[in-house]
Amino acid sequence: MTVSVLRATPADVPILARISGDAFLQDRQTQMKALGKNGYDMHAMALDGIHHYLAAKSCVVLKAVDDLSGEIMGWSCWAFRGLEKPPLTPSDVVGDDVAQDQSEDVKWRDQRDDAEEAAGQGDRASAAEKKDDRNAAEAAPATTPEDDDRIKRLEAMTGDDFSAWMKEIMPEGTRCLFVVSFVRGAGTALMKWGTDLADEAGVFCWVHSSEMAYPVYKKMGFKVVRELDVDLDAYAPAPPPPPDKQWGHYVLRYMIRLPNTKEAQTEE
């Protein structure tokens, strides 16, 4: 099966959001978060997030379309740091084994704002306002154990870890590409679009990977340089559905792919 990797448009957002919602139904961390006080509606977050990505100056949203049926198989979003975003032209058709690339990896909320700010071309004022709101919330009086929202504590912990990573990997003057979002099938084609650009520019790529997306990134040459092992039961608001007795651990992986250039090959 072959797919075409094309730029997504606002008209695609409902389909891309549905793909996101469906993909994360089997993700353990998402299942656990859905049991929190405020729920966790991935479809609703995707509707907002994808519109935001499409408008961001530093991001490119892609869709993988089956050449025979015209069906959208998956989507991704790449961000550019210190590089010009490529012009609005479709990429080449690329062959891809869709069955082997059913993965998902999406960043929303605080991580989305941090990623755009790190790219250097996002709405810095908007991101600053949202961070001020978070700081005000952190300064509020401590809640009782009964009122404590474990999911918010989990999101704060993973969000702080993500922010610290970006400051470390992308100091001032860094040139790179990074994966903001990747959902569902045709993973090789969606990743190749960005890795080819990185190779041409001679820059590295990085990603903050979910458990299910990890095999696709590994296949494309990304290597793990740091891990965050989360004990989901420490944050779970309720036990998992039977027959499971524990949610278990969930590993978030920070991965880097170095450019595949003649110079890099010579150095190796």
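Let us start with strand 2 (residues 59-66), which is mostly covered: eight of its eight residues are buried. Here, buried means under 20% relative accessible area, exposed means over 50%, and partly exposed lies in between, with a 1.4 Å probe and protein chains only. Strands (E, at least two residues) and helices (H or I, at least four) are DSSP runs, numbered from the N terminus. This is a predicted model, in which local features need pLDDT of at least 70 and side-chain atom pairs count only at pLDDT 80 or more, while totals for chains, interfaces and linings use all residues. Residues are numbered from 1 along each chain as its sequence is written, and side-chain values use heavy atoms, with hydrogens and water left out.

Strand 2 is covered on both faces. On one side Cys59, Val61, Lys63 and Val65 are buried, and on the other so are Val60, Leu62, Ala64 and Asp66. Now look at the neighbours of this strand. Strand 1 (residues 2-7) pairs with strand 2 in the antiparallel sense, over five bridges; two strands count as paired if DSSP finds at least two bridges between them. Ala64 of strand 2 is the bridge partner of Val5. Strand 3 (residues 72-81) also runs antiparallel to strand 2, joined to it by seven bridges, and Ser76 in strand 3 stands opposite Leu62. The hairpin of strand 2 and strand 3 has five residues between the strands, and Gly70 there takes a positive phi near 80 degrees.

Next comes helix 3 (residues 42-55). Its 14 residues reach 20 Å from the first C-alpha to the last, close to the 20 Å expected at 1.5 Å a residue; the expected span is 1.5 Å times one less than the number of residues. Which residues of helix 3 are buried? They are Met42, Met45, Ala46, Gly49, Ile50 and Tyr53. These residues lie on the same side of helix 3 because they cover an arc of only 125 degrees around the axis, taken from the directions from the helix axis to the C-beta atoms. At the start of helix 3, the backbone nitrogen of His43 has a side-chain oxygen of Asp41 within 3.1 Å.

Salt bridges are another feature to follow, and the structure holds eight. A salt bridge is a side-chain nitrogen of Lys or Arg within 4 Å of a carboxyl oxygen of Asp or Glu. One of them joins Glu211 and Arg28 (2.8 Å, N to O). This pair links distant parts of the chain, 183 residues apart: Arg28 is in helix 2 (residues 28-33), and Glu211 is in the loop between strand 7 (204-209) and helix 8 (214-219). Another joins Asp161 and Arg226, whose closest N and O atoms are 3.0 Å apart. Asp161 lies in helix 6 (residues 150-169) and Arg226 in strand 8 (residues 223-231), so this pair ties together parts 65 residues apart in sequence. Asp161 is buried, at 16% relative accessible area, while Arg226 is partly exposed at 23%.

Finally, how many disulfides does a search of the whole structure find? It finds zero, where a disulfide would be a pair of cysteine sulfur atoms within 2.5 Å. The cysteine sulfur closest to that of Cys176 is in Cys205, 8.0 Å away, which is too far for a bond. Cys176 is buried at 0% relative accessibility, and Cys205 also counts as buried at 0%.

Methods. Polar contact = N/O pair within 3.5 Å; in protein donor to acceptor, adjacent residues only side chain to side chain.
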